[in-house]
Amino acid sequence: MNRIQSPIFELENVRVIREGGTTLKISRFQFHRGTIYGIVGPVGSGKTTLLECLVGRLKPTEGKILYENEKYAKSWLGKLKIPPEILFFEQIRINSAEAVREYVQKKIPDRVDYVRRQYYSRVPLNDEWKMPMQGLSKGQSLRLNLIVAIESDPKVLIIDDYGSNFDSKMKREFNRGLAYSARSRGATIILATADMGDVRSVASVVVALDNGHISKVRSLKKQS
């Protein structure tokens, strides 16, 4: 099978059983390269469980998950070894006196100039570029973390609760960034949310979860 056509993730007869019952049951599903997926469902539908399985934080009770046609390797302690090109986004508040530009320099040194021009060149954002990390608001910190995640150019970017703390301007900005990353860099992006509106304008494929099952798969648009 051609590498470009082959799925990046493949789930086969995956079942997760926790105390109280089954939280995830997917007979078969494939995630493909360069595509933005929206995983949509109410609280308790299995979204976070699915994401944790994909990034190896949770081992399915039954079935298998393949990444690039292979199972995840294990460390000598038996823990799954997740390839560094898979990024599970997490919001981190950093209480540091170092400036935003210094943080970006440390995280993605080859993208500093691009990040400044693309995200921090407009007033008043150019002042934020020089601010200490500890002085950022929750929204500013979220924005910075997402910028670093997108611009670190992961092969797979997975974000839980996407859009839950966005205003409309931030949503448009990151939708554009994610679309560019998928279209031009070939990244596979998986966004989980309880609100279809958070992913409607950016996702190519929406997967609806209901009580741990895939209830619907809908193609919204083709990326061009």
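Tutor: Let us start with one residue and then widen the view.

A word on the source before that. This is a predicted model, in which local features need pLDDT of at least 70 and side-chain atom pairs count only at pLDDT 80 or more, while totals for chains, interfaces and linings use all residues. Residues are numbered from 1 along each chain as its sequence is written, and side-chain values use heavy atoms, with hydrogens and water left out.

Our spot is Glu68, which sits in the loop between β4 (62-67) and β5 (73-74). Those labels come from DSSP runs, numbered from the N terminus: helices are H or I runs of at least four residues, and strands are E runs of at least two. The relative accessible area of Glu68 is 16%, so this residue is buried. Here buried means under 20% relative accessible area, exposed means over 50%, and partly exposed is in between, with a 1.4 Å probe and protein chains only.

What does the side chain of Glu68 meet? A polar contact of 3.3 Å links it to the side chain of Lys155. Such a contact is a pair of N or O atoms within 3.5 Å; within protein, one must be able to donate a hydrogen and the other to accept it, and residues adjacent in sequence count only if both atoms are side-chain atoms.

The backbone of Glu68 deserves a look too: phi is positive, about 50°, although Glu68 is not a glycine. Most residues other than glycine have a negative phi, and most peptide bonds are trans. Asp161 is another non-glycine residue with a positive phi, near 55°. Asp161 lies in the loop between β8 (156-159) and α6 (168-185). With a relative accessibility of 48%, Asp161 counts as partly exposed. There is also a cis peptide bond, running from Val123 to Pro124, with omega near 5°. Pro124 belongs to the loop between α3 (112-119) and α4 (125-128).

Now try a further loop, the one between β3 (36-40) and α1, where you will find Gly41. Gly41 has a relative accessible area of 5%, so Gly41 is buried. Beyond its neighbours within four places in sequence, Gly41 is in contact (heavy atoms within 4.5 Å) with Lys47, Thr193, Ala194 and Leu209.

Helix α1 (residues 47-54) is largely enclosed by the rest of the structure, because 6 of its 8 residues are buried. After α1 comes Gly56, with a positive phi near 80°.

Finally, step back to the entire chain, which has 6 helices and 11 strands. Of its 224 residues, 47% count as buried. Among contacts between residues at least 6 apart in sequence, 68% join residues at least 24 apart. Along the principal axes, the C-alpha atoms fill a box of roughly 50 × 45 × 40 Å.
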